[in-house]
Amino acid sequence: LKRASVIGKVFFEGALEAVTPPASRSSLPGLLVSLERRGLLRSPQGARASAPRQLGFRTQALRDAAYGSMPRSGRGSAHRAVAVWLDANLPLSNHTEVAAHFEAGGELALAQPHFVAAAREYAAIYAHAEAVDFYQRALRGPAEENPGANADTRRELATVLSHMSRFEESLAALDEVTKEARAAGGPQLPMRLAWAESQRANVLRDCGRLDDARAVLDSALGTLESRDNLPCLILLGQRAFIRAAKGDGAGALADCNEGLAIAPRIEDRGEGWHFASVRLNNSLGTLHMRAGRIDEAQRCFEAALALCSGTRNPVARWAVTVHLGNIAYDRKDYRLAASYFERALDEARKSQRKIKIATCLSNLGQARLGAGELPGAIECLEEACALAQEGGMRDIHSDSARALADLGRPFACSRCGA
């Protein structure tokens, strides 16, 4: 029971065998049957006969008592053995369990990649608080074996912190990323610095500090030895986006043209290439929209949407689908517009950003109204009004409330009286 308690309330028989001395393993099956008959262990509900056999303690209190009675001197080696068994025999198991056992066994270097993997899984489902916890636990491990690993992990942490509007913490983390990247050096240094400065500009933009964001990108681009590479593409994509937001059409167009000329020559088409290419096409589409070149804008946004499959960034997908929805709405193709706004709303809900959710609900409600889908339109518009009122989003509230008033369903704002 003591050895089983190291694994947890529920455990695999194979994992228990891994922490049992070789001389005692032959008697293990009979001992487990005896413990089941005595009511100390039981098979968990829902366990599949075809899967590795699982057993569990009758109660959590029994497991805790067994673990508390195990000598501390023997716990570390047992936790390490469990982690190794889980990692080898259940490759699709929860990274959290493997990491926690390595951590409890004092093997922080082995726990590190599993904590990072767990953090990414939580970040992918927008469970930001859990992702931050696992990134921070990963960063407690040593960085000597892979000096750049901490810089990469901390940059991902900074991204999640910015999604939680913890902007100052995100910027502080990016300061550490720059230090760690420079300390690591090597051929990955330009890429790590480009990612860090791109993310720094993104955080500053979210804070409303567009001039500071632009200055960061100008400085980063000025330090590059060559501009025909992926770091330059990432920085150009971000600067084009910032310039377009600032109304610097000529500057944004120059960055778009340079970046889109570089992109086909780059062989490494991973996350960075896709992220930058989405940014460039999205920015160019925005410039076409402002100039009234709707067909060209649509082609740019459709190209950006196709490239979104190669990036984990939900904001990129949200922005592109909103643009395409707006084009369809202006052309009075309300059903197509609604389909784009529905996709955008899905991304917004996952990201848990209220202003984006409210924007999509307002747009979707008006598209459904145009398509004659009154119940769905009213539902969206009322939810948009409620969110906008709660968050002080006066423009969104005004648009949604006006549409409801036209339907004879006024929604009064307690703040502005609209």
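The second largest pocket of this predicted model holds about 360 Å³ of space. A pocket is an open set of points on a 1 Å grid over the protein atoms alone, where a 1.4 Å probe fits, with protein on both sides within 12 Å along at least five of seven lines. Grid points are joined across faces, edges and corners, and a volume is the space filled by probe spheres set on the points. The second largest pocket is lined by 16 residues; lining residues have an atom within 4 Å of a point. Arg205, Asp206, Arg353, Ile355 and Lys356 lie nearest its centre. Helix 9, helix 11, helix 17 and helix 19 (354-370) each give two or more residues to this lining. Helices are DSSP runs (H or I, at least four residues), numbered from the N terminus. Helix 19 provides the largest share, 4 residues. By class, the lining has 6 nonpolar, 5 polar and 5 charged residues. Ala, Val, Leu, Ile, Met, Phe, Trp, Tyr, Cys and Pro count as nonpolar, Asp, Glu, Lys and Arg as charged, and the others, Gly among them, as polar.

The largest pocket has a volume of about 580 Å³. Its lining comprises 21 residues, with Thr159, His163, Glu271, Arg312 and Asn313 nearest the centre. Helices that each supply at least two lining residues include helix 7 (108-124), helix 8 (128-138), helix 11 (189-206), helix 15 (271-290) and helix 17 (314-330). Helix 9 (149-163) is also among them and gives the most, with 5 residues. The lining divides into 8 nonpolar, 7 polar and 6 charged residues.

Residues are numbered from 1 along each chain as its sequence is written. Local features need pLDDT of at least 70 and side-chain atom pairs count only at pLDDT 80 or more, while totals for chains, interfaces and linings use all residues, and side-chain values use heavy atoms, with hydrogens and water left out.
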